[in-house]
Amino acid sequence: MQSADAVATYRVIRPRARRRRSALGRWYRRNERAALGLSGLVTFFVLWQVLSNLGLINDLFFSSPAGVFAAAVAEVQKSRFWNDVRYSLTEVTVGFIASLVLAVPLGLLIGWYRRLSFSFDPWLNFLNAIPRPALIPLVVLWVGLGIEMKIVIVFLGGFFSIILPTVEGVRTVDQQLLDVGHSFRASQRRLFTSIVIPATIPFIATGVRLALGRLLIGVVVAELYAQTEGIGVMIDRAADVLDSGRMLFGVLIFTLMGVLTTELAGRIEHRFQRWRPSANVDLEEGP
Amino acid sequence: MATVSIGSTPLRPAGPGPLRKLINSNERLFYGILGFVVVALIWEAAGDFGLYRRSLLSVPSLVFTAAVQDFGSGKILDDLWSSGIEFFLGFFAAAAVGIPLGLAIGMFRRVEYFVSYLLFGIYSTPKAAIAPLIILVAGIGLESKVILVFLLTFFSLIVSTVAGVKSAAERHRDIARSFGASRWLQFRSVILPSTFPFLLTGLRIATGRALVGVIVAEELAANAGIGHYIEENGAFLQTSRVMLGIVLLGLFGVLLGEGVRRIEKRYEVWRQEIH
Amino acid sequence: MTTSELALSARGVRMEYRDRSSQARLVAIEGMDLDIADGEFVSILGPSGCGKSTFLKIVNGLLKATAGEIKLRGTGKGREDAMVFQDAALFPWYSVIDNVAYGLVCAGVKNDEARRRAAPLVELVGLQGFETKYPYQLSGGMQQRANLARALAVDTPILLMDEPFASLDAQTREVMQAELLRIWNAARKTVVFVTHQIDEAVYLSDRVIVMSARPGRILADIKIDIPRPRPLEVKREPAFVAYEAQIWKLLSQHAVTAATQVA
């Protein structure tokens, strides 16, 4: 383009078009994710109901949302239901807290002594790789089919999920920070409380998230296996008599538990991630 | 005038012996094996000396004997085969459908928003709770197991794939846009390579999920497979065999996990740091 | 300056955005008027966060301005501008040659042809022999050379450079500045160079546009009358130091007045 000066063409870069936004429009832009997400959810249920009404989904096997709702209303009035809920919740809480209380101190200890952590690494990884449901028959041999079995299963799931990240957290404490402690002649105990433990907390939070995700499946399978009490048993009994409304209601209860625990775990982890220098995205592990 | 005396350490006349050197260079491996062996020995000793009832945990020697017996007779091989088929069929079906779907969802922001709550809800549901329904509908055969494995793996993969696409470094997408790359080219040259390491991690997690699916399905209603093997032997108080089944599962899980991890490491350079 | 000689002409460019957490309207660029002639090397200099990178992104099309217009002299074929990004902007999964050829591939050139056209540029920036290496195998300076080559490969009349040497250590940085002048001399592009380092701006440019802190506006447009070619030693000469002092005074004065003003 040497001699075309007189007729040089220009590309014009224009500014962003100004659009008058209504209040609704502005609200939408700010909350787009929630708006679309909710509409997705609503669409799902509406579609489900419509397909059920049209007979494209067999009502017997897979109840419509209306059927589930009706079953729900009926169930919450029965005391047996609340008994089952209490049963399941107890398993989860007791098992989880027990696993937390044991796994964290042990993890800190094992992680701190390098040789110890090397020695335990293969066993911990091995045990962690075993699918929790596979341990059920073994645990049954130990404690029978009662609530103890479910608690132990939940405990085992939580224990290994928490201890592994904890060990890793202790092992990967920034050497520089420890150097700072040493240079100020901090005692072993102070090193631990002021450097190691705070540095490990994000890892523990990750472990908690993993644990909460996995323990729910342990609960469900344990209950289905043992057939004593709990929401899992409610599901099974309903399936037996083809009461799909009640069955799906039970599933919904677990969904609720799952959503709450996942959300809670995510929040906890997020809160403790803030002071981590660079977080590796650890993809979600859920039920 | 005070002098601070920093003591003098005499130099060692001779260096560390050859065994010590070997240990130092492979410390992790050495202590790992040592730990493994020590625990196994303690396990054996505790059982043999009656520190606990053998019916609870069995001992390595008995587990080994059971292994020899059952592998020799070939019975357990059928179960392994059965479980293996369920696993691979379900897993690969889920990957074939889930990964492309996850990529598509991740690419389009509005679509991702639309399905986000739905996905979160289904993902948080323990799929095992649906197991009774599936068994009711599909029976006790191979189909119900594959379906359950599929369900568990599928949602795990979709969620991890979407997360992977979202973390494809914004900067790289900007660069592609800056040079005028078409949407398709952006996908091929930036999004896909960027997402790949995250896909691998997602696959590794999914293998664990799939394994759980296999076991759950088999424990609840089956007459073959490792889950069934464990359950049946549990019912007959054959603790050694129960332990054998568990050990085999653990081994499989570890090997699979390690395998994917190796591949992950190879592509580690492609992973973007999230600040 | 007649319009026909202008490579870039900006009028009233303004950039506002809404801060996500406080929901307040922030002004990144207050109103910029800028004319750049063909073949000029112009630096935009200012403190961090003053909107200079934002301006570049608007020109490149990555952002849309709130108001104002920019005219780029058209070539009749392909794009007019190519951007050299700030630190480590190579794709880790492509080799050097594939990275350099990327802009061409985006424009629709076939892979083999693109590589062929990219090869002389790899040589121009001094990376011959490293075509098949991957970014993680290169040093920071080498990566930036590849970054530069990529933008050169698409042969646009205008080159936009967004603090390309920011992540390099002092010595490498100086070497790269001299290298850039050498390459610019060979390639003869119009360059818009964004930086926050005064000596860098004075050393490289024909003109230095000094910008204030946010909200960014042009404080001064200083012509650098130091003859070319400019070896690195020129940085110690009194004329050079005088320019530096002038700009430094301008910036610090403005910072003081800005600080004493009621927000």
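At what angle do helix 4 and helix 9 of chain A pack, and how far apart are their axes? In this predicted model, helix 4 (residues 79–112) and helix 9 (residues 188–226) of chain A pack at an angle of about 145 degrees, with their axes 8 Å apart. Axes here are lines fitted to C-alpha atoms, for helices over the stretch in contact, and angles run from 0 to 180 degrees between N-to-C directions. Helices (H or I, at least four residues) and strands (E, at least two) are DSSP runs, numbered from the N terminus. Residues are numbered from 1 along each chain as its sequence is written, and chains are lettered from A in the order in which they are written. Local features need pLDDT of at least 70, side-chain atom pairs count only at pLDDT 80 or more, totals for chains, interfaces and linings use all residues, and side-chain values use heavy atoms, with hydrogens and water left out.

The crossing of helix 4 and helix 9 of chain A is right-handed, meaning that the near helix is turned clockwise from the far one by less than a right angle. Ala, Val, Leu, Ile, Met, Phe, Trp, Tyr, Cys and Pro count as nonpolar, Asp, Glu, Lys and Arg as charged, and the others, Gly among them, as polar.

Next comes the interface of chain B with chain A. Here 64 residues of chain B are in contact with 62 residues of chain A. The two chains bury about 5700 Å² between them, 74% of it on carbon and sulfur atoms; buried area is the accessible area (1.4 Å probe) that two parts lose on being put together, summed over both. Tyr113(B), Phe114(B) and Tyr117(B) supply 11% of the area that chain B buries against chain A, more than any other three residues. There are three salt bridges between these chains, a salt bridge being a side-chain nitrogen of Lys or Arg within 4 Å of a carboxyl oxygen of Asp or Glu. Arg33(A) forms a salt bridge with Glu112(B), and the closest N and O atoms are 2.9 Å apart. Helix 6 (109–124) is one of the elements of chain B that supply at least two residues to the side touching chain A, and its 12 residues are the largest share of that side. Sorted by class, the side has 39 nonpolar, 14 polar and 11 charged residues.

Chain B also meets chain C. In this case 18 residues of chain B are in contact with 23 residues of chain C, and the buried area is about 1700 Å², 68% of it on carbon and sulfur atoms. On the chain B side, Ile175(B), Ser178(B) and Phe179(B) lose the most area to chain C, together 38% of what that side buries. The count of salt bridges between chain B and chain C is zero. Helix 9 (170–178) and helix 10 (183–220) of chain B each give two or more residues to this side, and helix 9 of chain B contributes the largest share, seven residues.

Two backbone details complete the picture. Most residues other than glycine have a negative phi, and most peptide bonds are trans. Leu242(A) has a positive phi of about 60 degrees although it is not a glycine, and this residue lies in the loop between helix 10 (231–240) and helix 11 (244–273) of chain A. In chain C, a cis peptide bond joins Arg228(C) and Pro229(C), with omega about 0 degrees. Pro229(C) is found in the loop between strand 9 (218–223) and helix 8 (238–260) of chain C.

Technical notes
Contact means heavy atoms within 4.5 Å.
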